[in-house]
There are 2 protein chains.
Amino acid sequence: MKQYQTWEAGVLNSDGKWEYFPAVVPGNVQRDYAEYSGILENIQYGTNVTQLTQVEDCTWKYRTVLSFKAAEDEKVFFVAEGIDYIFDIFLDGEKLCSKEGMYTPTELDITGKAENGSLLEIVIHPHPKAKGSVKGDRSEAAQACKPPVCYGWDWNPRLLISGIWLPAYIETREPGYISLCEPFYSLDLENLKAHVKFNIECEEIPLITVYDPDGTEVYTGRECEFTLENVRLWWCHDHGKPDLYSWKAVTSGDEKTGRIGFKKLRLVRNDGCLGEKGGLFPKEQLTAPITVELNGRKIFAKGTNFVNAEIFSANTSEETYRRLLDAARDANMNILRMWGGAGLAKPEFYDLCDEYGILVWQEFMLACNNYEGTDHYLDVLETEAVSIIKKLRGHVCLAFWCGGNELFNSWSGMSEQSLALRLLNKLCYEYDRNRPFIMTSPVTGMAHGGYLFLDVDIEVFSVFRNSDKTAYSEFGVPSLAPVEQLEKIIPKEELFPIMPTESWICHHAFRAWQDNSWAHPETLEHYFGKTENLEDAVQKSQWLQCEGYKVCFEEGRRQWPVCSMTLNWCFNEPWITAANNSLISYPDIKKPAYYAVRDSLRPIMPSARVSKFQWESSEKLKMEIWYHNDTAQPVSDTVTVSVTIGNIKKELIKWDTGEVAACSNSEGPCVGLTLPAVKGESRLLITLSTNGGKYDNSYTLSYKCKEEQNKPKVMNL
Amino acid sequence: MKQYQTWEAGVLNSDGKWEYFPAVVPGNVQRDYAEYSGILENIQYGTNVTQLTQVEDCTWKYRTVLSFKAAEDEKVFFVAEGIDYIFDIFLDGEKLCSKEGMYTPTELDITGKAENGSLLEIVIHPHPKAKGSVKGDRSEAAQACKPPVCYGWDWNPRLLISGIWLPAYIETREPGYISLCEPFYSLDLENLKAHVKFNIECEEIPLITVYDPDGTEVYTGRECEFTLENVRLWWCHDHGKPDLYSWKAVTSGDEKTGRIGFKKLRLVRNDGCLGEKGGLFPKEQLTAPITVELNGRKIFAKGTNFVNAEIFSANTSEETYRRLLDAARDANMNILRMWGGAGLAKPEFYDLCDEYGILVWQEFMLACNNYEGTDHYLDVLETEAVSIIKKLRGHVCLAFWCGGNELFNSWSGMSEQSLALRLLNKLCYEYDRNRPFIMTSPVTGMAHGGYLFLDVDIEVFSVFRNSDKTAYSEFGVPSLAPVEQLEKIIPKEELFPIMPTESWICHHAFRAWQDNSWAHPETLEHYFGKTENLEDAVQKSQWLQCEGYKVCFEEGRRQWPVCSMTLNWCFNEPWITAANNSLISYPDIKKPAYYAVRDSLRPIMPSARVSKFQWESSEKLKMEIWYHNDTAQPVSDTVTVSVTIGNIKKELIKWDTGEVAACSNSEGPCVGLTLPAVKGESRLLITLSTNGGKYDNSYTLSYKCKEEQNKPKVMNL
């Protein structure tokens, strides 16, 4: 039985005395301190968050006076499922253990040592900061096995969080306590047979019962190995049902429950990537496999990079995860990349992904640094990685492991020889052999970026056009936050014009990635001239984000079967940014780009390849029309392509797609027209209408009428 | 004490009876059979070797009547250091063990079981042939952990060899027997301190003594951990001395000896490879590190692919290895790639490489197949790989491990996800963490090929010119074997003209790689018209090989510091091929190209980049002149560039190189001339003369005088 305690937190002041305040467990102690000191309420506003940097090197403490009941034959354990990050545990002043690492549970047998009224204390030491790193820089994370994002990132304020981040409690254990009960299976996909084996640690042999997704009992008995016939497979939501079996194991003194999903997932090379590039000598290796083959079907992996949902990530609620995952599923996303910089989500997240039918690409907690393989680092990494693998390997949503983010790039400098990554490969092989592992993203064939609508002189419309990557696992187009959000975080007097003031900088509008990222007022001016007011700037910035993201996602889909994955950077954000590539403003405000992406990811739909955003009258607008079918059935449709400027609408073509095979594209006609002069209009609308309207697609581009032209207001085909 | 036995071999005939014949142990049983049946003497001739395919699926046996002495307190072991490949061992009819795998030693305690006169038998089962493979094809090797080359390769006849390939003996062990004594060290390169630790398994603590390379005692004692000061580093022969320490460990009943070389070797990215290609988004990963950094110095790895020295590779003598390694060292080669198709060499080979200062890139026994990670295959691979790593990790010559050959190419289809390669990475990490590991060759950035002087319409002179690879780990230019060698293998009546007759085909002149590989008479005809006789064909073919190899090796060197490795395919050959890319004709006949390559690999030398092989009068010959310095000291020189046609010689330039920094190139002038008409000449000689002549370089190219031209016989600059 788990018996939860009431905790108090403390900070060690410069005078050597502890100052105590109420604590939320699980949670981050810095959040408790922020609440206690009055910072929390307005932490989103202005530069308030920076007040917490004063305490980033403090020593913290949790304490509780134990209160629990235990029968005579019960053992008493103190269990902490995760404590972040370097800590000692004391019972009545006696040190029970010292540890480094937030992912490995602590289980202390305190039978006979602890009694009601005993004082349990957990002292949390300051965060590690790598030798030779720049003070205050994220490179300080280079020897820490914790999410580096808290050392500051271009969308996350520096906030060195720690604390009892997962549940902690007194657990009394009867004889018959099941200390381990974990199902594994091998799946015969052809005959839909699953050979199930439970690994059990228990003094008794438990009675195991398995129920199918409808709740019907399909096995009960005390054998820990058995075969299930005609199993129902787990699919990601856009390819089938995420069917989950459930099980329970019962002894005289315990009951454990869990779920099993049956799937087979491999990373393979896609059909478009079978030859060495160019085909001539000297020949390199083929690209690394990155196409998700789920239950024998190669699918297009469409999704996003999911980051920590809160700056105090330990305080993320299940409800928050649920709202974000609802949004991801509704946006036709079948995969989330759990980016290494943010580490793992809380356990509830993975349960929800299992249920929702959303695949998870899970990274270890390395990002953008050179994590040198010192003995100490490797020791901690090994312990933590084993805990992580054991914690997550039972989740059917888990697609594959990845060492971390951008580790093979010049700004990190790691490589296939880095001991940390060789170790992770080894541990994943040992503990979860049949789940794929990639050392980092991108690996050969894949790519990250770009991240802007206009990068120097290259527009997002042309970035991907001539690219031949197997996966675009990061790319982004920024926008300003919605006006009502900006009003919450930027002092009124700084709101407009958008300038690199302290608050805008603190909220990543400037000096985050480049000097002018992520607000980029120059880009707005380039396309639209001076913006009139905040509303105007936000609206235009969000327009660019919508059309930019449509180009990226749809171009990736057009490149199937060379490309088989598009994941934008990023989905959500852990606090209100003033400008960001996110689709959702904290906590759950959907930007217009969210809806644009949702539409671009529909399994069945037409798309148009257009060369640029800004058009003028008398220019020749050309488009290639495509039809996408990511489902397992063939489809056919008729696509009517029209261009509308103001009240002038011209139908260019009616394209009968014929049969578009399962999981494929059909490349349709190339159509065009010379744009007419339509005075007073600034937008051009391309519509792709489909039978019944369900799969319609459209693009809103910038249009200028050359006033000096004397051409008639008619369309010239 | 090791007590060697006299063995007899046998083959199980179709009537179910054993037919016995004398055996050489260690050796291949098929060689013994070939000798017994009279095939061996003329095995090189015609198609004689194919007679052995009749017995490739036979069951073989070794047997010996034991004869040994053992004191009463001694244990008696039967030790077989390596038996190829699937076998059972019987003692007086009782099965002692069944095993698969040739690299794992067998040690059987037969104390009290065996006596003088006991019959020891080893039954060797037929070779595994992968399910679904093509009969007689090398794909049959795809589930075998033995060198696939014996299944047939484009320069090795199919010969499914097996047998007691390493020493086998009765070993009597006194109390005090040292069952393990293996030194490890960590090296502080800056202070030249080595922390040495011996892993010892022995009932007694042995007395350990260590001697420096001069034989001076530097440690003696019974501590198994100690520090050596001012250690002398091991260098490859072209960068320093291959200094070796030696040690002995002595107990009351045993003595073991060995050597230690102190070096630090990493694979790093070279200075020319620091950025993502192109620098623009979307960005891929950086290339994989392949530059050898030895003792802190990035070196140019120059060498070759070393293959099995004999078709009956178990019968390779130390003397054979020594002659080949002499040749490699004399050819300025500092690294040998032990290509996976041929597996490991015999132990003597690695001892010699330690002594010679030649680095070894060692591959596991996978090549050009998709080695599916079945449970059985992975089990055998794990056992074998652990044995291999333990066997070789003490050799200072060993530069890095590699999973095998061309596994990430379309003709193999393996990938970073293949379980066999993930397993090998894991095992190398566990047992030899500080030695680099690459999964295959090529990995990203590296390349293999081309393999011809003229491939369709691309000449070797242009293949590498616009390439930007980090390493060329295979490339080749074929030639015919020397005339006296051809006369040994091709029946007289087939010798000329060179045609795809049985004997030429059997010796890889045709239908080996492509239809006309490796003889390619069309290439000779393309450049020279019809050849007159065998001598003429051989001479011209060898001329092309010389100049072709010069281009490859020297172009790779000019590409430093992007490129840092050039290894030709291949150095040697296991029998007399009629045509091959080898530099040495079996067993040790140096082809002219050997000397050309030797000259192209001198640490200090000039080179000229020329665009093609064949020139005509009135054409403009242009050259870029370079100077290469692969030593650790700066050099300077004066290079005089001349062109000679017949008795006309024109000096084009005298280039004062200035200081050419250590481990670098200097790009010199681009010079040229319009070629004069010189009647009756067919060759053009480019000479790069250096101060004192030591570093002179030259190129002999094809020249044609356009008879119809009326230009004067003078040089036009």
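Here is a walk through this predicted model, from the way its two chains are arranged down to a few individual residues.

Let's start with the big picture. Two copies of a chain are related by a rotation about an axis and a shift along it.

Now for the insides. The largest nonpolar core has 214 residues, and the members touching the most others are B:Leu336, B:Ile358, B:Val360, B:Ala399, B:Ala519, B:Ala578 and B:Val597. Helix α10 of chain B, residues 534-558, gives the most to this core: nine residues. Another core, of 212 residues, lies apart from it, with A:Ile83, A:Ala141, A:Tyr371 and A:Ala471 among its members. Back in the 214-residue core, take a look around B:Leu336. Setting aside residues up to four places away in sequence, B:Leu336 touches B:Gly303, B:Thr304, B:Phe306, B:Ala328, B:Ile358, B:Val360 and B:Trp361.

Next, hop over to chain A and its own helix α10, residues 534-558, which has helix α11, residues 592-600, beside it: their axes come within 8 Å and cross at roughly 20°. An angle under 35 degrees counts as roughly parallel, so that is how α10(A) runs relative to α11(A). The crossing is right-handed. On the α10(A) side, the contact is made by A:Gln542, A:Gln545, A:Cys546, A:Tyr549, A:Lys550, A:Phe553 and A:Glu554. From α11(A) come A:Pro592, A:Ala593, A:Ala596, A:Val597 and A:Ser600.

Last stop: B:Ile178, which sits in strand β13 of chain B, residues 178-188. Is B:Ile178 buried or partly exposed? With 19 other C-beta atoms within 10 Å, B:Ile178 is partly exposed, because being buried takes 20 or more. Leaving out neighbours within four places in sequence, B:Ile178 is in contact with B:Ile200, B:Cys202, B:Pro206, B:Ala249, B:Thr251, B:Asp254 and B:Lys256. The chain also brings B:Val250 into this picture: B:Ile178 and B:Val250 are 72 residues apart in sequence, and their C-alpha atoms are 8.5 Å apart in space.

Notes:
Residues numbered from 1 in each chain as written. Chains lettered and ligands numbered in written order. Predicted model: local features only at pLDDT ≥ 70, side-chain atom pairs only at ≥ 80, totals over all residues. Helix = DSSP H or I, 4+ residues; strand = E, 2+ residues; numbered from the N terminus. Buried ≥ 20, exposed ≤ 12 C-beta atoms within 10 Å, placed from the backbone. Contact = placed C-beta atoms within 7 Å. Core = buried A, V, L, I, M, F, W, Y, C linked by C-beta atoms within 7 Å. Axes fitted to C-alpha atoms, helices over the stretch in contact; angles between N-to-C directions. Parallel < 35°, antiparallel > 145°, perpendicular 65-115°, else oblique. Left-handed = near helix turned anticlockwise from the far one by under 90°.
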